[in-house]
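This report describes the secondary-structure packing of one protein model. Please consult the sequence and the structure shown below.

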Amino acid sequence: MSSMGFLRRLGRAVFHATPPNSDLLYKFFARYVDRFNGENDSTPETNGEHFFLRRELVGLADGVVFDVGANVGDWAIYALRVNPNLDLHCFEPSKATFGKLTQIQWPPNVHLNNCGLGEVDGILRLNVVAEGSGMNSVYSRRGVEAAKSVETELINITTIDGYCANNAIQRIDLIKVDVEGHELAVFKGIS
């Protein structure tokens with residue numbers, strides 16, 4: 001008997017011995033397939049994000065960087081570790097989350113803004129999952145139990161163009177955007 005024939009028979013036996021509807025097995029194999037394909041990895045240390053930042057931010061000297069959807073500041077803290085001289089502009093619209101962001105001792109080259117960015121200036125309703133949650137969004141999510149909002153709050157929105165005009169910013173060297181589905185609107189706010 002060939003080793004390939006044995007492995008095929010073993011595979012069939014294991015397949016037929018597993019329960020047809022197992023959440024545990026589904027989660028295990030979904031994680032395995034994601035790992036195999038290099039997908040759905042939200043950990044910056046392993047998904048390439050920190051590698052990218054180390055490569056791009058080091059040479060910016062006093063580069064202008066926008067952290068859109070700053071949340072509680074984790075991304076901004078790492079960016080400043082890589083290059084402490086960045087002119088860093090953080091945008092976080094949630095009042096409670098912005099409050100956590102302001103508790104950090106930021107250097108003077110960090111500018112905190114309690115607003116979101118979008119296509120036009122205005123006010124939007126933010127669906128709040130939890131204080132400091134990375135899942136807060138201006139869009140209501142259906143079918144994602146972990147993203148179910150417990151409250152809403154009205155948030156101010158401005159455009160990148162408007163913010164740059166009001167703050168005499170001539171260029172932006174890097175923009176990080178993590179705004180839970182509102183990314184396209186952020187980029188439409190740039191002419």
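Which residue in E6 is the bridge partner of Val 128? The partner of Val 128 is Glu 151.

## Basis of the model

The model is predicted, so that local features need pLDDT of at least 70 and side-chain atom pairs count only at pLDDT 80 or more, whereas totals for chains, interfaces and linings use all residues. Residues are numbered from 1 along each chain as its sequence is written, and side-chain values use heavy atoms, with hydrogens and water left out.

Helices (H or I, at least four residues) and strands (E, at least two) are DSSP runs numbered from the N terminus. Two strands are taken to pair if DSSP finds at least two bridges between them.

## The mixed sheet

E4, E6 and E5 form an open sheet of three strands, in the order E4-E6-E5, with mixed pairing. Its edge strands are E4 (116–117) and E5 (122–128), each of which pairs on one side only.

Seven bridges join E5 to E6 (residues 151–158) in the antiparallel sense.

## The parallel sheet

A further open sheet has four strands in the order E3-E2-E1-E7, and its pairing is parallel. E3 and E7 (174–177) are the edge strands, each pairing on one side only. From one strand to the next, the twist averages 10°.

Within this sheet, E2 (residues 87–91) and E3 (residues 110–113) pair in the parallel sense over four bridges. Phe 91 has Asn 113 in E3 as its bridge partner, and Leu 88 stands opposite Val 110 in E3. Together with helix H6 (residues 95–102), E2 and E3 make a right-handed β-α-β unit; right-handed here denotes a path from the first strand over the helix to the second that runs clockwise when the strands point away from the viewer.

## Helix packing

H5 lies across E1 (64–68), E2, E3 and E7, and runs at about 175° to E2. Angles run from 0 to 180 degrees between N-to-C directions, and axes are lines fitted to C-alpha atoms, for helices over the stretch in contact.

H4 (residues 49–57) packs against H5 (residues 74–82) at an angle of about 45°, with the axes 9 Å apart. In contact (heavy atoms within 4.5 Å), Glu 49, His 50, Leu 53, Arg 54 and Leu 57 of H4 meet Trp 75, Tyr 78, Ala 79 and Val 82 of H5.
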